[in-house]
Every structure is written in structure tokens, then in C-alpha cells.
Amino acid sequence: MFRNYRRWLKTIKPKMLPTQPETDEEKPEPALSADFDRNVETLRSIYSNSVDIIVRPFLIGGKSRAALFYIEGLSNISEMNENVLAPLLKESAENITVQEMLGRTLSVSKVNVVATFADCVQSLSTGYPVLLCERERQGISIGLCNWEKRAIEEPPAEGGIRGPREGFTETIQVNTSQLRRIIKSPALKLEPMKTGKYTQTQIVIAYIEGIADQTLVEEARNRLKKIQIDGILESGYIEELIEDNPYSPFPQVKSTERPDVACSALLEGRVAIMTEGTPFVLIVPTTLFSLLQSHEDYYQRFWVGTSIRWLRYVFTMFSLLLPSIYVSVQTFHQEMVPASLLITMASSRETVPFPALVEALMMEITFEVLREAGVRLPKQVGPAVSIVGALVIGQAAVQAGIVSAPMVIVVAITGIASFMVPRYIVGIAIRLLRFPIILLSGWLGLLGVMLGVIAIIIHLCNLRSFGVPYLQPIAPYKGRRWKDVAVRAPWWMMNTRPNLTGGYDTYRQAPGQRPDPGNDGNGT
């Protein structure tokens, strides 16, 4: 018997860690036998020293022995008593088989036959009770899970004025149902996988057959299969393990908590990766411009969406370059400033003992500390601490002559501009890159700023997301795709899908969708 859990785990589990050599022939998994006592004892030994494992022995019809295994807190006990134990205790037939129980006795919609101990363990870990019967080489996995789950709420990080108010949750079954409720076509495919030696985290690959390039789907499937790790606790683990360039500060995988954003990506031919235990769904491939776009761009009128999008682009550049330009002008290029403004700035810096470079670094670091402190503190006091801290520290620093008032204004505008970036992870990348560009500006002036910008552009041109250029459709240039980058074109102009990896189902709507103002609906 398998009395030692470690020995049993090594016997039935494939070798997953990269330090262990892989063999071509997999060892067969220990199967259930006709010896009822051996099956029960083996399953008990697997879960030895586990207080939450409940074993309910009973007699089927008062004659045949049986045992019901389940994990307390994961299984629906009331349904189990009513639809499993009660019918079996009243069963009158002698020597009832597993197939007969499935056919006429168990009034549960989801039941599966398990033939190995590994199948039993996986079923129990999911919350499904396992029924073992005397003289049977098979058990029954009963779909009566009942774990606690969070209600569907609006995502706090992706809220908006217009659009759905629903967000993903930590339960993957709820998340897949939200996708299926929006995209009702059977072309929506949801492929399950399991990753993690100990956690056995469930992953679902979602795509629309006929729209998504099968090469992209296969690439996503292969990258996920190569993951060999002890456990996956959040989709961030997967993001780092499947992205093309893990050393880049820019994310190459898009994450979202909104079902409408995920469905929009699926309709564009992308692939969504859903992970059990987290509301964040990964979308591949992605580009820089898709990360700078908000879901509200497509729910407002196209003039509003275009205006807000350009405002977002401009202030994203402000967030990256404004402190650097101020430092370079103050240090090297005073002739670029009008005389009256230069006199005002010089008078404000008269009592400041530090150069503009040190002043900018001090204020930027202080602002980042206040921002992170506000995020980590409880919600009741976080905003108050960050706002009051910024006001008090800024005003006190100016009065003490440590920093100048124009620098406080520049840092404040930069901080506000960083909040215009709709994706938090992109905002972090810009915040990190802001510091080396400030150093370059203090060393070389505007030449250093230009060198920093050129280095970032070269890096972005070399980035790929699942083989798709990161700056597409600008590099490589695709003029027809600019109508969803430079502007948010009206829906009646966007007849084709973004061409990411293939030419599958190019058209997403029929041409000629533009409304005719001269037609009143009666043909006049």
C-alpha cells in the first residue's frame, strides 16, 4: 500500500521540475483495484494528517460496503446527503454496479468515472466527492462542489463613466460563463489546462475559432505547456514566464479585469488566458497602442474618443519627459526661456542650495513614496495621507528653501499626467524610465533627453509580443490600421479587424454601415 505520501506522489506524478530528467516512458498511475479495503486505506494514507478530509463509510441497501470521500468546506454537504447518500442507503438491488448507479440511482447531473488514485485526488481537490464501492475497480466523482466565491463587482482599477459594470472574479467557472454570456457563438473555444506541481492551477485558453490565427493559438498553448513550476498563485507568474522579453520594463502581455475588454480582444483575433484564483485575464498578443487605449474610447462618440485619446498621448509624453526638459533648460539652455519667466524662475531658485538635477530627483522620489504609501495604506486613510502629505511637504519644502516653487509645479503636473495612462503596469514603466532620462538631462541637457528618447524608441521597435511588433501599425507601417490608433474612427468605418498574425476572417462587419441622414426610415 502507498502509506507514504511523498512516495505515492513521486509514483503517480510526472516529473515537472527542470532539475529532474524527463523520460520518454511515463510510469503508469496506480489504479483502483477490486479490493475495497485496499482502495480506502490507500486514499486515507494519501491524505494522512489532514483534518479536513472526511470519510463516510456506509452500506448500499444494507448489503454492499461503500465509502464517500470529500473535503470539508469544498463540497455541498446538503446536496450530497439528499442526492447521494439517501438514494444509495435505500437502494434495494444487490451488487449494484457503478454503471447502474450512474444510470438510475444518483440524481446528480455531473458525474464522472475515476479509475486511478490520481483521478481521485484531483477530483477531491476540486471539491467533488469521490464514491468508492465494494468489488468495483472504478469510483465515481460527483459534481457537488460548493466553495466560497466573491460576488461580481465593478473592477476598481478599470472603472468608467459608460460601459458594463461587471468584472471578473477569482472563480474561473464564473469568468468563463461571463465570456460565454457575451459571445454566444459555439466558435468560442475554451481549452482547459493545469499548471503547477502542487497547486494544479487550472488555466483556460480562450479564442474564437475562425478569427484567431491557429499559429497564435498553438504558440500560446506551447508556451503554457513549457511552464514547470511548483505553483501558480496569480496570472503574473504566467505573464513573466510566457512574455518574449522578460528584461523589458514594458509589458508584452495585456491584463484586464473586464469581460467586455476580453471579448473585444477575442473578436480581434487575440487569445485570452484565464487563471484560477485571480480576476486578471491575460490577452496576447498586445501592442503599445492597445495598452494606451481605454475601453471607454469605444463607448463614447468617436469625436470624444479621439479627443481623449490624443490628450492621453500628450500627457503620457509629459509624464515621461517634463521633469527632464525642466532640468535641462534650467541647467544648460536658459536662453530658451523668455526673459521675464527666466527672472521669475531664477528668483524662486535663489535660496535653493541644490542644482536642478538633485532638486528634481528629490521631489520625484518623494512623490513616488507618497503615491505608493497611499496605495498600500487602508482605503479610509490612504487618499488623505497622500494628498495631505503632498501639500504639506511641498509647501514646507518651498518655504524652507529646499526646492523651488516651479519644480513643485512640474512634479505635480507630471504626477497628474501619469494617471492618464489607463494601464497601471505601463504607468510604472514610464515612471521607472523617467529617472534615467532625468540623469541624462542633468548631464547632457536636451541632447541627453533626445538620446534617452531614441534609446526607448529603438527598444520598442525591437520588442515583440508573441511575434507581433510592439509598435504596430507604426513600425512596421500599416496605414489602414491608423484609424484605430491616431484617431478612434467611427464604427461604420472600421470594417476590418486588426491584422496581427494572420488573415483569418478579415471583415468584422458588412460595408456600407454609415447611416444616411437623408433617409427617415420610410424610404424618403
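Arg135 is partly exposed, at a relative accessible area of 46%; here buried means under 20% relative accessible area, exposed over 50%, and partly exposed in between, using a 1.4 Å probe and protein chains only. You will find Arg135 in the loop between β4 (130-133) and β5 (139-142), where helices (H or I, at least four residues) and strands (E, at least two) are DSSP runs, numbered from the N terminus. Its phi is near 65°, a positive value in a residue other than glycine.

This is a predicted model, in which local features need pLDDT of at least 70 and side-chain atom pairs count only at pLDDT 80 or more, while totals for chains, interfaces and linings use all residues. Residues are numbered from 1 along each chain as its sequence is written, and side-chain values use heavy atoms, with hydrogens and water left out.

Gln200 is worth a visit too. Gln200 has a phi near 50°, again a positive value in a residue other than glycine. Gln200 belongs to the loop between β6 (188-195) and β7 (201-208), and its relative accessibility of 25% makes it partly exposed.

## Helices α2 and α5

Two packed helices are described by the angle between their axes and the distance between the axes. For helix α2 (residues 36-46) and helix α5 (residues 117-126), the axes come within 11 Å and cross at roughly 55°. These axes are lines fitted to C-alpha atoms, for helices over the stretch in contact, and angles run from 0 to 180 degrees between N-to-C directions. That angle makes α2 oblique to α5, given that angles under 35 degrees count as roughly parallel, over 145 as roughly antiparallel, 65 to 115 as roughly perpendicular and the rest as oblique.

Now look along α5 itself. Its buried residues include Phe117, Ala118, Cys120, Val121, Ser123 and Leu124. Cys120 has a relative accessibility of 0%. Just after α5, Gly127 takes a positive phi of about 105°.

Helix α6 (residues 172-182) packs against α9 at an angle of about 60°, with the axes 10 Å apart. This makes α6 oblique to α9, and their crossing is right-handed.

Arg258 lies in the loop between β8 (254-256) and α9 (259-267). Is Arg258 buried or exposed? With a relative accessible area of 1%, Arg258 is buried. Arg258 and Gly159 are 99 residues apart in sequence, yet their C-alpha atoms are 9.2 Å apart in space.

## Cysteines

How many disulfides does the structure hold? The count is 0, with a disulfide taken as a pair of cysteine sulfur atoms within 2.5 Å. Cys263 is buried, at a relative accessible area of 3%.

## Aromatic rings and charges

The model has 5 aromatic pairs. Rings of Phe, Tyr and Trp (its six-membered ring) pair if their centres lie within 6.5 Å; planes under 30 degrees apart count as stacked, over 60 as edge-to-face and the rest as tilted. The rings of Trp310 and Tyr313 have centres 5.7 Å apart and planes at 80°, so this pair is edge-to-face. The two residues are 3 apart in helix α11 (residues 302-331), which means they are separated by about one helical turn. Trp310 is partly exposed at 44% relative accessibility, while Tyr313 is buried at 12%.

Two arginines sit over rings. The charged end of Arg223 is over the ring of Phe466, 4.0 Å from its centre, and that of Arg371 is over the ring of Phe419, 4.9 Å from its centre. A charge sits over a ring if NZ of Lys or CZ of Arg is within 6 Å of the ring centre and within 35 degrees of the ring normal.

## Cis prolines and a loop contact

The peptide bond from Val284 to Pro285 is cis, with omega near -10°; Pro285 is in the loop between β10 (281-284) and α10 (288-291). Another cis peptide bond joins Ala475 and Pro476, with omega about 0°, and Pro476 is in the segment after β12 (468-469).

Finally, Ile402 occupies the loop between α14 (382-399) and α15 (405-418). Ile402 is partly exposed, at 35% relative accessibility. Ile402 and Phe354 are 48 residues apart in sequence and 7.5 Å apart in space, C-alpha to C-alpha.

Conventions: Left-handed = near helix turned anticlockwise from the far one by under 90°.
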